[in-house]
Amino acid sequence: MVTLSPTGPAQPSAAEVLHARYAGRLPASLEELVGPDRGVVELPLHIAWSGLRAYDLDRPRLRMGLYRTVLAEGGRDDLVKLLDRDLLLQQWPVLRKLVSRHVRQVWEDAFPELRPAGSAPA
């Protein structure tokens with residue numbers, strides 16, 4: 001939402017920019033997430049430009065790290081190729097606490113099945 005000021009349109013807030021950034025990457029449905037559910041995944045440099053790039057999906061902490069990184073840094077094509085729908089749903093109760101508020105809000109607004117039981121959209 002851009003508000004008008006006497007001198008012209010105001011710049012969008014950082015929160016608005018981040019929300020738009022993450023919302024623009026979303027798949028149309030969670031069914032599109034057809035990434036691997038086991039084995040080692042190596043992230044491309046445009047997602048993981050420093051530090052750990054290879055993640056063993058059979059190790060819960062590494063799997064959580066991969067999902068956190070892809071959700072924050074990946075584009076739409078990365079999301080659908082690297083994330084698995086069932087693993088995302090399984091991990092979301094913990095993962096939602098590890099990602100930024102903006103990522104969490106965009107994903108839970110778009111996919112109600114990710115919201116905690118009994119919660120309403122933000």
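The model is predicted. The protein has 122 residues, and 34% of them count as buried. Its secondary structure comprises 5 helices and 4 strands.

**Overall fold**
- Take the contacts between residues at least 6 apart in sequence: 58% of them join residues at least 24 apart.

**Where α2 meets α4**
- Helix α2 spans residues 60–73 and helix α4 spans residues 85–98; their axes lie 10 Å apart at an angle of about 75°.
- Angles of 65 to 115 degrees count as roughly perpendicular, and α2 and α4 are therefore described that way.
- On the α2 side, the contact is made by Pro-60, Arg-63, Met-64, Tyr-67, Arg-68 and Leu-71.
- Their partners in α4 are Leu-87, Leu-88, Gln-90, Gln-91, Trp-92, Val-94, Leu-95 and Leu-98.
- By residue class, this contact of α2 with α4 has 10 nonpolar, 2 polar and 2 charged residues.

**The aromatic pair**
- Searching the whole structure turns up 1 aromatic pair.
- The pair is formed by Trp-107 and Phe-111, whose ring centres are 5.5 Å apart; their planes stand at 45°, so the pair is tilted.
- Trp-107 has a relative accessible area of 2%, so Trp-107 is buried.
- Phe-111 is buried as well, at 4% relative accessibility.

Definitions and conventions
Residues numbered from 1 in each chain as written. Predicted model: local features only at pLDDT ≥ 70, side-chain atom pairs only at ≥ 80, totals over all residues. Heavy atoms only, no water. Phe/Tyr/Trp six-rings, centres within 6.5 Å; stacked < 30°, edge-to-face > 60°. Buried < 20%, exposed > 50% of the residue type's maximum accessible area, 1.4 Å probe, protein only. Helix = DSSP H or I, 4+ residues; strand = E, 2+ residues; numbered from the N terminus. Contact = heavy atoms within 4.5 Å. Axes fitted to C-alpha atoms, helices over the stretch in contact; angles between N-to-C directions. Parallel < 35°, antiparallel > 145°, perpendicular 65-115°, else oblique. Nonpolar A, V, L, I, M, F, W, Y, C, P; charged D, E, K, R; others polar.
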